[in-house]
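Colleague: I'm new to this one and would like to learn how to read it. Could you walk me through the features one at a time?

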Amino acid sequence: MPIDPRTVAPLVSVGATWLVRRQINRAYQRHTGDASPRTTDLDTPLATALLWAAIAALSSAVIDVLIQRGAAELSRRQELRAAALADA
């Protein structure tokens, strides 16, 4: 019995989010010369911190949706394939 892709999707999502956040942080540092904003850094303007939080949250949400939908599609294909084999 194959593993349902929806079972491993959360782990893949966490890993992908970590990688993308790491790349976003590096891009920010290359572009500005400073480390990316931290929520506890009071020297960073509030608007900058909020914008950075929105970018981070949006990237995480997009990654999660893409991976969850991809896993659901793979699972559906596996179910259809299993049903076709059962009917044959």
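This is a predicted model: local features need pLDDT of at least 70, side-chain atom pairs count only at pLDDT 80 or more; totals for chains, interfaces and linings use all residues.

Colleague: How are helices assigned, and which residues make up α1?

Modeller: Helices are DSSP runs of H or I with at least four residues, strands are runs of E with at least two, and both are numbered from the N terminus. Here α1 covers residues 5-32, and helix α2 covers residues 46-87.

Colleague: How do I describe the way two helices pack?

Modeller: Two packed helices are described by the angle between their axes and the distance between the axes. The axes are lines fitted to C-alpha atoms, for helices over the stretch in contact, and angles run from 0 to 180 degrees between N-to-C directions. In this model, α1 and α2 pack at about 150°, with their axes 9 Å apart. That makes α1 roughly antiparallel to α2. For the wording, angles under 35 degrees count as roughly parallel, over 145 as roughly antiparallel, 65 to 115 as roughly perpendicular and the rest as oblique.

Colleague: What is the handedness of the crossing of α1 and α2?

Modeller: The crossing is right-handed. A crossing gets that label if the near helix is turned clockwise from the far one by less than a right angle, and left-handed if anticlockwise.

Colleague: Which distances could I check between residues that are separated along the chain?

Modeller: Arg22 and Ala56 are 34 residues apart in sequence and 10 Å apart in space, C-alpha to C-alpha. Arg22 sits in α1 and counts as partly exposed at 34% relative accessibility. For Thr7 and Leu85, 78 residues apart along the chain, the C-alpha separation is 23 Å. Thr17 and Leu42 are 25 residues apart in sequence, with 26 Å between their C-alpha atoms.

Colleague: Now for charges. How many salt bridges does the structure hold?

Modeller: Side chains of opposite charge can pair when their charged atoms come close. A salt bridge is a side-chain nitrogen of Lys or Arg within 4 Å of a carboxyl oxygen of Asp or Glu, and the structure holds 4 of them. One joins Arg6 and Glu79, with the closest N and O atoms 3.4 Å apart. Arg6 lies in α1 and Glu79 in α2, so this pair ties together parts that are 73 residues apart in sequence. Arg6 is partly exposed at 42% relative accessibility, and so is Glu79 at 48%. Asp4, Arg6 and Glu79 are linked in a network of salt bridges.

Colleague: Which residue forms a salt bridge with Glu73?

Modeller: Arg76 does, with the closest N and O atoms 2.9 Å apart. Both lie in α2, 3 residues apart, about one turn of the helix. Glu73 also meets Arg77 in a salt bridge at 3.2 Å, N to O. Those two are 4 residues apart in α2, again about one helical turn. Glu73 is partly exposed with a relative accessible area of 30%, and Arg76 is partly exposed at 46%.

Colleague: Last one: which residues form a nonpolar patch on the surface?

Modeller: Ile3, Val8 and Val12 do, with about 260 Å² of accessible area together. Such areas come from the Shrake-Rupley method with a 1.4 Å probe, and for residues only the protein chains shown count as cover. Patches are made of residues with over 30% relative accessible area and no salt bridge: like charges are joined within 9 Å, nonpolar side chains (Val, Leu, Ile, Met, Phe, Trp, Tyr) within 5 Å. Val8, found in α1, is partly exposed at 36% relative accessibility.

Definitions and conventions. Residues are numbered from 1 along each chain as its sequence is written. Side-chain values use heavy atoms; hydrogens and water are left out. Buried means under 20% relative accessible area, exposed over 50%, partly exposed in between (1.4 Å probe, protein chains only).
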